[in-house]
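Please open the structure and follow these notes in order. Each point picks one part of the fold to look at.

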Amino acid sequence: SIGLRPPRHRVDPRCRRWWTAQVALWMAGPLVVAVVLGLVLFPWVLLVAAGWAAATAVALVAVPRVRWAIHRWEATDTAIYSRSGLFWEEWRAAPLSRVQTVDKTRGPLQRQFGLATVVVTTASSSGAVRISALDAAQAEEMVDRLTLLAEDDQRDAT
């Protein structure tokens, strides 16, 4: 039986730039809409835009730092551990004996920063264990290693 414990490893440091880009992209749309509405139709909306711009500035600084402080991962010969989240922290521990699939995913922004996400699907109703913001090569190695370990563990169980 494995226990829930803090994972040992930080995610790749480039994740802070990736998370900053995510915040910028997410916050930019409403800001542009508010500015255009304020300039074209309703000048009072410029006050809303100014407030949104201030919130954006705070989020651009705070979100990557907080996520960096929280996100951790570890893969041992018997289990995979992760801790992630921003507003809601999620701690997960999954025994390799329960692993069904191990995948690597990379969105366009992740590719731009050389990062990847490892997704470990288990026989649990809690869903997959996701480790985001890993170096792409490291993620590939982890997928290969976890797949082999899970196959060996499942052969031993039969």
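1. Start with strand β6, residues 115-122. In this predicted model, seven of its eight residues are buried, so β6 is largely enclosed by the rest of the structure.

2. Which strands pair with β6? On one hand there is β5, residues 99-105, which is joined to β6 by six bridges. These two strands run antiparallel. Look for Thr101, which stands opposite Thr121 in β6. On the other hand there is β7, which also runs antiparallel to β6 and is joined to it by five bridges. Here Val118 has Ile131 of β7 as its bridge partner. As background, strands of a sheet pair through backbone hydrogen bonds, either parallel or antiparallel.

3. Now follow the chain from β6 into β7. The two strands form a hairpin, with six residues between them. Find Gly127 in the turn: its phi is positive, about 95°.

4. Turn to the open sheet of four strands. Its order is β1-β2-β3-β4, and the pairing is antiparallel. Which strands stand at the edges? They are β1 (9-10) and β4 (90-95). Each has a single partner strand, so one side of each is left without a neighbour in the sheet.

5. One to find is between Ala79 and Pro95, the latter in β4.

6. Next comes helix α1, residues 15-40. How far apart are its end C-alpha atoms? They are 38 Å apart. With 26 residues at 1.5 Å a residue, the helix should span 38 Å, so the two values agree. Even so, α1 has a kink of about 30° at Ala28, shortly before the proline Pro30.

7. Stay with α1 and check its buried residues. They include Cys15, Trp18, Trp19 and Ala21. Val23, Met27, Ala34 and Gly38 are buried as well. An α-helix has 3.6 residues a turn, so residues three or four places apart point the same way. Keep that in mind as you look along the helix.

8. Finish with the cavity. Which strands each supply at least two residues of its lining? They are β3 (79-84) and β7 (129-135). The lining includes Ser82, Arg83 and Ser84, along with Arg130, Ile131 and Ser132. Val11, His71 and Arg72 belong to the lining too. By type, the lining residues divide into two nonpolar, four polar and three charged. Note Ile131 again: this lining residue is the bridge partner of Val118.

Terms used: Residues are numbered from 1 along each chain as its sequence is written. This is a predicted model: local features need pLDDT of at least 70, side-chain atom pairs count only at pLDDT 80 or more; totals for chains, interfaces and linings use all residues. Side-chain values use heavy atoms; hydrogens and water are left out. On a 1 Å grid over the protein atoms alone, a cavity is a set of points where a 1.4 Å probe fits but cannot get out, and a pocket is an open set with protein on both sides within 12 Å along at least five of seven lines; lining residues have an atom within 4 Å of a point. Ala, Val, Leu, Ile, Met, Phe, Trp, Tyr, Cys and Pro count as nonpolar, Asp, Glu, Lys and Arg as charged, and the others, Gly among them, as polar. Two strands pair if DSSP finds at least two bridges between them. The expected span of a helix is 1.5 Å times one less than its number of residues. The bend at a residue is the angle between axes fitted to the seven residues ending there and the seven starting there. Buried means under 20% relative accessible area, exposed over 50%, partly exposed in between (1.4 Å probe, protein chains only).
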